[in-house]
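The following exercises are to be worked through with the sequence and the structure at hand. Each task is followed by a solution in steps.

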Amino acid sequence: MIASLKRIGALIVKELHQVVRDPGNVGIAVILPAVLLLLFGYGMSMDIKNVRIAYLAVPASGQSTSLETRLTLSKYFQTRRVFSSHEAEELLRTHEVDAFIALQSNAPDTLNGGITKIQIVVNGVNANQATLIRSYLQAVVGSWAAELAGQTASALDVQARTRFNEANDSHYYLVPGVIVTIMTMIGALLTSLVMAREYERGTLESLFVTPVGSGEILTAKAATNFLLGMVSLAISMVFAAFVFDIPIRGSLLLLLAVSALFLIVALGLGLVISTATKNQFLACQFAIMGTFMPALMLSGFLYDILNMPPAVRAVTYLIPARYYVTLLQTLFLAGDIPSVIIPCCITLGVFAVVLMSIARLKAPKSLE
């Protein structure tokens with residue numbers, strides 16, 4: 001055991017020297033997290049702001065002006081007045097506005113004295129955006145109508161609150177998802193190239209003539225990439241806390257522990273791929289299709305799993321990133337919730353044992 005540990009230690013030192021000599025590995029571990037976090041954090045947002053609205057009121061009145069003022073003062077809308085439905089439809093058709101509101105009343109100064117019709121028309125080319133815009137507009141119009149109807153606090157007191165994301169900021173769940181993607185790429189993509197690169201360079205032959213076993217080779221390579229992954233995690237945490245101001249409401253030590261567990265899973269998956277392929281190009285393709293894309297599409301990071309078809313939803317249970325996304329979002333935003341954390345950790349532990357066992361069994365014993 002002592003001799004084996006000494007050999008593994010020597011291999012880790014050798015791998016670290018190799019990492020330092022290869023700027024690509026350092027770039028993936030250090031530069032890639034910063035680039036992805038900045039790209040997704042600033043370039044991608046699920047929030048709706050500066051929506052272009054055309055406003056039509058026939059006839060104009062004090063009440064219709066109050067609704068227009070409410071829309072104009074909102075940070076979500078850029079309002080312009082139009083004077084006919086044809087003009088509003090033309091602006092919508094040419095994509096000069098994203099939606100229009102048409103208010104018609106046969107009694108301009110009161111809602112109770114006449115029939116008031118409020119029409120909300122949204123450009124539905126982007127279905128998700130259209131749904132959000134319609135919801136925002138309905139909320140504004142609803143609060144305006146309630147105010148006109150005299151529904152004061154004494155008659156109706158509705159208090160709406162958002163738990164765990166009081167700012168209603170999409171960065172709160174996008175950034176943890178980006179961290180999952182980064183850890184997947186470091187653990188699986190980078191590791192999947194390890195053995196394939198050794199095959200292509202012919203360096204395995206010199207290793208096999210030494211007392212070093214194949215399992216020790218895999219352990220050393222996994223340990224090196226584990227260190228790179230934890231460096232990437234540290235960089236990601238700094239960006240999340242100090243650049244995007246995302247709170248960490250759970251235990252920091254627990255967050256590091258579950259991240260290390262997921263990284264072991266990703267390393268195991270990368271080792272399985274690397275031991276099954278002897279070509280870096282194939283290893284890279286398998287890693288992207290088998291780890292990166294599922295982590296991006298099927299983990300709940302970008303798309304809600306509950307909205308997926310049942311067959312696809314069943315597949316997501318086989319995606320380790322699904323459980324890591326749940327863990328990060330819980331620890332970042334909600335806190336230490338044992339009923340969520342323990343099942344996810346157990347599942348990731350099972351993944352880690354199975355994948356590392358497969359990688360050990362498939363480890364090459366010779367160059368054949």
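**Exercise 1. Two packed helices**

At what angle do helix 9 and helix 13 pack, and how far apart are their axes?

Solution. The model used here is a predicted one.

Step 1. Two packed helices are described by the angle between their axes and the distance between the axes.

Step 2. For helix 9 and helix 13, the angle is about 30° and the axes are 8 Å apart.

Step 3. Angles under 35 degrees count as roughly parallel; helix 9 and helix 13 are therefore roughly parallel to each other.

Step 4. The crossing in which helix 9 passes helix 13 is left-handed.

Step 5. On the side of helix 9, the contact is made by residues including Leu 254, Val 258, Leu 261, Phe 262 and Val 265. On the side of helix 13, the residues include Ile 341, Cys 345, Leu 348, Gly 349 and Ala 352.

**Exercise 2. Single residues in the contact**

Determine which residues Leu 261 touches, leaving aside those up to four places away in sequence, and describe the place of Gly 349.

Solution. 

Step 1. Leu 261 belongs to helix 9.

Step 2. With residues up to four places away in sequence not counted, Leu 261 touches Cys 345, Leu 348 and Gly 349.

Step 3. The C-alpha atoms of Leu 261 and Leu 348 are 6.9 Å apart in space, while the two residues are 87 residues apart in sequence.

Step 4. Gly 349 lies in helix 13. Its C-alpha is 9.8 Å from that of Val 258, and the separation of Gly 349 and Val 258 in sequence is 91 residues.

Step 5. The relative accessible area of Gly 349 is 21%, and the residue is partly exposed. The cut-off for a buried residue is under 20%.

**Exercise 3. Aromatic rings**

How many aromatic pairs are there, and what kind of pair do Phe 40 and Phe 301 form?

Solution. 

Step 1. A pair of aromatic rings is described by the distance of the centres and the angle of the planes.

Step 2. Rings pair if their centres lie within 6.5 Å, and by this rule the count is 4 aromatic pairs.

Step 3. The ring centres of Phe 40 and Phe 301 are 5.9 Å apart and the planes are at 50°, so this pair is tilted.

Step 4. Phe 40 is buried, at a relative accessible area of 16%, and Phe 301 is buried at 1%.

Step 5. Phe 262 and Tyr 324 form a stacked pair, with 4.3 Å centre to centre and 15° between the planes. Phe 262 is in helix 9 (residues 252-276) and Tyr 324 in helix 12 (residues 320-334), 62 residues apart. Phe 262 and Tyr 324 are buried.

**Exercise 4. Positive phi in loops**

Is His 95 buried or partly exposed, and where is Asp 245 found?

Solution. 

Step 1. His 95, which is not a glycine, has a positive phi of about 65°. This residue is in the loop between helix 4 (85-93) and strand 3 (99-105).

Step 2. With 44% relative accessibility, His 95 counts as partly exposed.

Step 3. Asp 245 is in the loop between helix 8 (214-243) and helix 9. Its phi is positive, near 55°.

Step 4. Asp 245 is exposed, its relative accessible area being 54%.

Note on methods:
Residues numbered from 1 in each chain as written. Predicted model: local features only at pLDDT ≥ 70, side-chain atom pairs only at ≥ 80, totals over all residues. Heavy atoms only, no water. Phe/Tyr/Trp six-rings, centres within 6.5 Å; stacked < 30°, edge-to-face > 60°. Buried < 20%, exposed > 50% of the residue type's maximum accessible area, 1.4 Å probe, protein only. Helix = DSSP H or I, 4+ residues; strand = E, 2+ residues; numbered from the N terminus. Contact = heavy atoms within 4.5 Å. Axes fitted to C-alpha atoms, helices over the stretch in contact; angles between N-to-C directions. Parallel < 35°, antiparallel > 145°, perpendicular 65-115°, else oblique. Left-handed = near helix turned anticlockwise from the far one by under 90°.
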